[in-house]
Amino acid sequence: MVGELLQPGGYLKLLHLGLQDCLKDIDAQRVVGQTLYNEEGKHIMLSYPLEKFHADADVSARCFHNGRFIQKMRQKLATFPNVRVEEGTVTCLIEEKGSVKGVKYKTKEGELSAYAPLTIVCDGSFSNLRRSLCNSKVNISSSFVGLILKNCQLPHENHSVLIMSDTSPMSIYPISSTEIRCMILIPAQTLPSMANGDIVNYLNTVVAPQVPGGMRDAFVRASSDKENIRRMQLRSMPAQNFQTKPGCLLIGDAFNMRHPITGGGMTVALSDVLVLRDLLRTLPNLNDTNAVSKSLQRFYTRRKPLASTINIVADVLYQLVLSDPARKEIREACYDYISLGGIFKNGLAAMVAGLNPKPISLAFHLIAIGLYAAARLLLPFPTPKALCRLTKLLYVAIGMILPIIKAEGIRQMFFPATFLAYYTIY
């Protein structure tokens, strides 16, 4: 169920890498925005601001079967004359005097070794190599239950669906011309049992009433078949800010994870690839350890603003949909804030889409939402009860947002260039 939604910002990175043809012939679906539902069933059309892009570029989100996309990328990779593709299971890194020199891996022929001046580790969220390179703590926050719906249509063409409900938050998007993926967010501690059928009952009684009417019958059909139900633990992990071992680099979900509710993972990963490519292509020789080390130091600096903005938007949105009266107040304020339209609506849409992943824009909208939420409570006349509710709301909001920003690193996000001296120590 992972890697099925590529936001417009990620598609732009794919264009810059020259890999856009990997989306051809896999029945990928164009998505140009989201339909945002609140708990009362009201909705807002949150279209991505794509007007500034040339029509020939066809910039939009793309949704697809992840396996088809990966296979196309592997086929593309194999066409390059300077690339040799080998398939195997990596068992461990080869280290000499504290530096990574390559990997050991298993194939049908037995265990083999591969050596390189730079080893890039990208073995995903369940990485078994991460622990030998850094001490990052993986947080398991909740779970997604996934279904594939057939023979139904989205409420609005080319628009995915996000339902902001504390009972059953959902993300719904097409993955082919005949299939729609429905992802239901469930806190890890309350995940119903699959074995005794509790999950089917939960989906039909708790979740189904929240599904837009035109899709509800298809949802009930899909959720009644246990073979169609998939579960996935959701993991998050702020990026480490320094390279722990020379000769090696972590990238992708092995290095940095955020909540997948906004579908920002592939945008961050492709952005990291683009930054890394631009840094390494200037080096005449990858065997120059000092030059490679300096490039990797710059990599951590340059990736941080974009990655942190997308990470924080995703993690804050997840916190908003948790069940809590104060969070519900903030969630309603966010919905009404978006309803204002203009810069408020387009600004948030651009950040979710990965088209304006700037920390300063994120800070502006977080502050603006806070002020708007306060105004909703205090106008037309502040009362003691309203002041009490506002105090609780601010306490919850700060307690929700500040740890997320702190984990990403305030100085690294807003003043990345000044942090280069810190990296150089390592």
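User: Before we start, what do the numbers rest on?

Analyst: This is a predicted model, so local features need pLDDT of at least 70 and side-chain atom pairs count only at pLDDT 80 or more, while totals for chains, interfaces and linings use all residues. Residues are numbered from 1 along each chain as its sequence is written, and side-chain values use heavy atoms, with hydrogens and water left out.

User: Thanks! Why is Arg-258 called buried?

Analyst: Buried means under 20% relative accessible area, exposed over 50%, and partly exposed in between (1.4 Å probe, protein chains only). Arg-258 has 6% relative accessibility, so Arg-258 counts as buried. Its place is in the loop between β15 (248-250) and α5 (265-280); helices (H or I, at least four residues) and strands (E, at least two) are DSSP runs, numbered from the N terminus.

User: And what makes the pairing of Arg-258 and Asn-311 a polar contact?

Analyst: A polar contact is a pair of N or O atoms within 3.5 Å; within protein, one must be able to donate a hydrogen and the other to accept it, and residues adjacent in sequence count only if both atoms are side-chain atoms. The side chains of Arg-258 and Asn-311 are joined at 2.7 Å, so the distance falls within that limit. Another polar contact, of 3.5 Å, joins the side chains of Arg-258 and Asp-253.

User: How do you know whether Thr-309 is buried or exposed?

Analyst: Its relative accessibility is 1%, so Thr-309 counts as buried. Thr-309 lies in helix α6, and its side chain reaches the backbone oxygen of Pro-357 at 3.4 Å. Contact means heavy atoms within 4.5 Å. Leaving aside neighbours within four places in sequence, Thr-309 is in contact with Met-351, Pro-357, Lys-358, Pro-359 and Leu-362.

User: Which residues of helix α8 are buried, and what do they pack against?

Analyst: In α8 (residues 342-352), the buried residues are Gly-347, Leu-348, Ala-349, Ala-350, Met-351 and Val-352. The buried residues of α8 pack against β3 (33-37), β4 (43-47), α6 (289-320), α7 (325-339) and α9 (359-378). Just after α8, Gly-354 takes a positive phi of about 75 degrees.

User: Last one: why is Val-85 called exposed?

Analyst: Val-85 has a relative accessible area of 51%, and the label needs over 50%, so Val-85 is exposed. Val-85 lies in the loop between α2 (66-78) and β6 (89-96).
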